[in-house]
Structures are given as C-alpha cells and as structure tokens.
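Notebook, side-chain contacts. I wanted to look up the charged pairs and then the aromatic ones.

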Amino acid sequence: MTILKIARMGHPVLRRRAEPVPDPSAPEIHRLVLDMIETMEDAPGIGLAAPQVHIPLRLVIFRVPAERLGPGEEGEAQALTALCNPVIEPLGPDTEPGWEGCLSVPGLRGVVERWTHIRYSGLGLDGRRIEREARGMHARVVQHECDHLDGILYPQRMRDLTKLVFESEMRHMVPDARVREDVE
Ligand code: NI
C-alpha cells in the first residue's frame, strides 16, 4: 500500500465533477481504496474522496468513530465504508450547523450547514448496493465527502465566513471544545 499525495484547495482536480466508477469490483479500484485508507489513516482523517488523491472518480471512503458522536447520535457509528457512485437524498427539511475540516484545506475549520437526516446509496466494492439512513455526524461526513465528487469544498458551503478559522484558534470560537484531530 502507498500513502498518496493529497490535492489542496486550488488544484483543478478538486473543482471538476468526478466520473462514475465503471466497475467497483475491479482490482485497480480495490488497490486505490487500500491506498486511500492508508492515506486517510496517515493524515489522519475520517473521510477521503478519490479526487483528493488526484483520481477524478466518484468514490469515497469514510468511517464514523463512536467517540465523535454527540448526544442522541449513539446509533450512528459506522465502520470503514467504501462507496462508489453515491447518491444522497435529504429526508426532511432540517439542517444543522457543525464544524468541519478537510484534508485538502489543511489547518482550517469552518461551520457548515448540512442536512440533518439523509438517505444515501451507492455500490460497495463487491458491486452490491449499499443503502443507509444517516443523521448527525454520520450524515455530515457523507455529505462532505460526496461534495468532493461535484467539485465542492466545504468553504463554498459556508454562509458566514467569520466562522472560518485556523484550528489553532478554535478555542476562541468554542471555548470548551476539545480540539478535534480528525478531518475529512
Ligand atoms: Ni474534505
């Protein structure tokens, strides 16, 4: 396995629409996912989209660690998932703000409004369909990663750029927040 170079904001691969994965069970897709997992864990992060490693395909990986979940989200922990050609559908009108970071926007954190409750679907690496409902942090990570497939970085989703800050200054914004190491 190989740690891949992560594209940073400004690189054109992060701005284009990624192409569908023709065959999720192809050996080269498995190899790519193994390299993406190693890259994500090295960073460290909790999600990574293929365009972030200069591969313009509709493929994301993510995990939702139990320790990242807020009150009432206990059921939302997710083991590492690889998802090809994902589709997201909001379930209900509610959105909620939350802090995000991105491995392609190193050193920064920002408050982004996301759908609270979604359904997402796509193909796993065995070619089988995955369909899940998600809330809270789980829903947020999936929305963040899938935005990468459409050339969208989280600052483009922000409504209030006064809440775009360096992570070293987060304590001024959220005095009691523990510093989160994980970014997407
Ligand atoms: Ni990201």
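For the charged pairs I count a salt bridge when a side-chain nitrogen of Lys or Arg lies within 4 Å of a carboxyl oxygen of Asp or Glu. The model I am reading is predicted.

Entry 1, salt bridges. I find 13 salt bridges in the structure. Glu100, Arg114, Arg140, Asp147 and Arg157 are joined in a network of them.

I looked up Arg157 and Asp147, whose side chains form a salt bridge at 2.8 Å, N to O. Arg157 sits in the loop between α2 (136–149) and β8 (164–166), while Asp147 is in helix α2, 10 residues apart. I note that Asp147 is buried, with a relative accessible area of 7%, whereas Arg157 is partly exposed at 38%.

Glu89 and Arg119 make a salt bridge with their closest N and O atoms 3.1 Å apart. I place Glu89 in strand β3 (residues 78–90) and Arg119 in strand β6, 30 residues apart. Glu89 is partly exposed at 37% relative accessible area, and Arg119 is partly exposed at 27%.

Lys163 is partly exposed at 35% relative accessibility, as is Asp160 at 30%.

I find one aromatic pair. The ring centres of Phe62 and Tyr120 are 5.9 Å apart and the planes stand at 80°, so I log the pair as edge-to-face. Phe62 belongs to strand β2 (residues 59–64) and Tyr120 to strand β6 (residues 117–123), so the pair ties together parts 58 residues apart in sequence. Both Phe62 and Tyr120 are buried.

Methods
Residues are numbered from 1 along each chain as its sequence is written. This is a predicted model: local features need pLDDT of at least 70, side-chain atom pairs count only at pLDDT 80 or more; totals for chains, interfaces and linings use all residues. Side-chain values use heavy atoms; hydrogens and water are left out. Rings of Phe, Tyr and Trp (its six-membered ring) pair if their centres lie within 6.5 Å; planes under 30 degrees apart count as stacked, over 60 as edge-to-face and the rest as tilted. Helices (H or I, at least four residues) and strands (E, at least two) are DSSP runs, numbered from the N terminus. Buried means under 20% relative accessible area, exposed over 50%, partly exposed in between (1.4 Å probe, protein chains only).
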